[in-house]
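Thanks for coming. Please have the structure open.

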Amino acid sequence: MCDSEIEFLKAQLATARSEIKNLRQQLSNLQHMHTKEIQNVMKILNDYRCDGCREKQQQNGQRQDMEGSTNEDDADVCTFKPIGVIKTVFNEKRAVPRQASLATALLSRIDISPKTFNNPGHSLDGLENFSHLWIIYYFHRNPNHAKAKVAPPRLGGERVGVFSTRSPHRPCPIGLSLVQLDRVEDSKVYFLGTDMVDGTPVLDIKPYIPQYDVPVNLKEAEFLNSREAPDGEETTLLDRNSATSNGQPLPNVSVPNWVLNSSSLNVMFNANAESQLQELQIEKNSIVDVLKADPRSVYLRTKYGSQIYTFQLGDHTVTCKFDDQNTTVTVLQVRDVVNFQEMDGECSSSNE
């Protein structure tokens, strides 16, 4: 055997070892996800109540309300009934954007439940006159393990108090998202900007009103309110604040530096992915919005670094490769979930 053949075999061996290492990392990642899914299932089973149990629990609650609660813990419990459900392209928590503003190309909708009102469409009358909405919802897929301190992704593992973050793992798992209204149809609300899992229960919808929701200098606002403003001048303060924001904190509004230090990855597509996007007629920006903000958890990013990452986007599975050293992520493959499952079935059948 000549030297060139030996060198070729050594190179092949090194490549095989590298692939084995990547497969081990992916296997460990899947085991971690499997453990979390088991925790979610256990929580659902522990919280499950049949219709008869719910009715009995409600009757007991009503009786306690009439007689007066004698248990301090019972008095501290608040019960809410969802008004509807959110439909999104994210069937699982993996790769869901951390903020709605990071996924402005993704269209989602809210279906108002007919159990909320006899005519649910009537509750949305006039909402079409607003451009943005606040959506308040319940993190129904999160296991109940809220901690006093959490590790935000931007802090790279450093922990801060949960109430100084927007972590979904909270003692009261309630989410709040500011989204852009697309349209209202009957009892459905379509919006742009998605950071929720498909099937998320909605607790409330409120219109976004800049005059009330944009922070202002309270002293200046007090001065303006103390005198009668001429027509049109009441919006001067709002316009001045909005014009100077440009994505940065407004005057007299402070946030920690780690909140502002957001890194944006360069998202690229190889030739294979480009052709698959055209074949499946998928909007490229929807994938870019998900990946540019790095959807990986701190655990995955710090423990495994650059790696193959797969997530589901609606009816499609996206496979990509992160390059942390060059702050890039390359989309390698976009496949139809149905075809992917069919192929898996064929493979498993051939192995039987």
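In what sense do strand β1 and strand β2 pair, and over how many bridges? Before the reply, one remark: this is a predicted model. Strand β1, residues 84-87, and strand β2, residues 107-112, pair in the antiparallel sense, and four bridges join them. Take isoleucine 86 as an example: its bridge partner in β2 is isoleucine 110.

β2 also pairs with strand β7, which covers residues 188-192; that pairing is antiparallel too and runs over five bridges. Isoleucine 110 turns up again here, with valine 189 as its bridge partner in β7.

Now to another part of the chain. There we have an open sheet of four strands, in the order β9-β12-β11-β10, and the pairing is mixed. β9, at 266-269, and β10, at 308-313, are the edge strands; each has a single partner strand, so one side of each has no neighbour in the sheet. On average, neighbouring strands of this sheet are turned by 30° against each other, direction ignored.

What does β10 pair with? Its pairing with strand β11, residues 316-323, is antiparallel and spans six bridges. Within it, phenylalanine 311 stands opposite valine 318 of β11.

Key. Residues are numbered from 1 along each chain as its sequence is written. This is a predicted model: local features need pLDDT of at least 70, side-chain atom pairs count only at pLDDT 80 or more; totals for chains, interfaces and linings use all residues. Side-chain values use heavy atoms; hydrogens and water are left out. Two strands pair if DSSP finds at least two bridges between them. Helices (H or I, at least four residues) and strands (E, at least two) are DSSP runs, numbered from the N terminus. Axes are lines fitted to C-alpha atoms, for helices over the stretch in contact, and angles run from 0 to 180 degrees between N-to-C directions.
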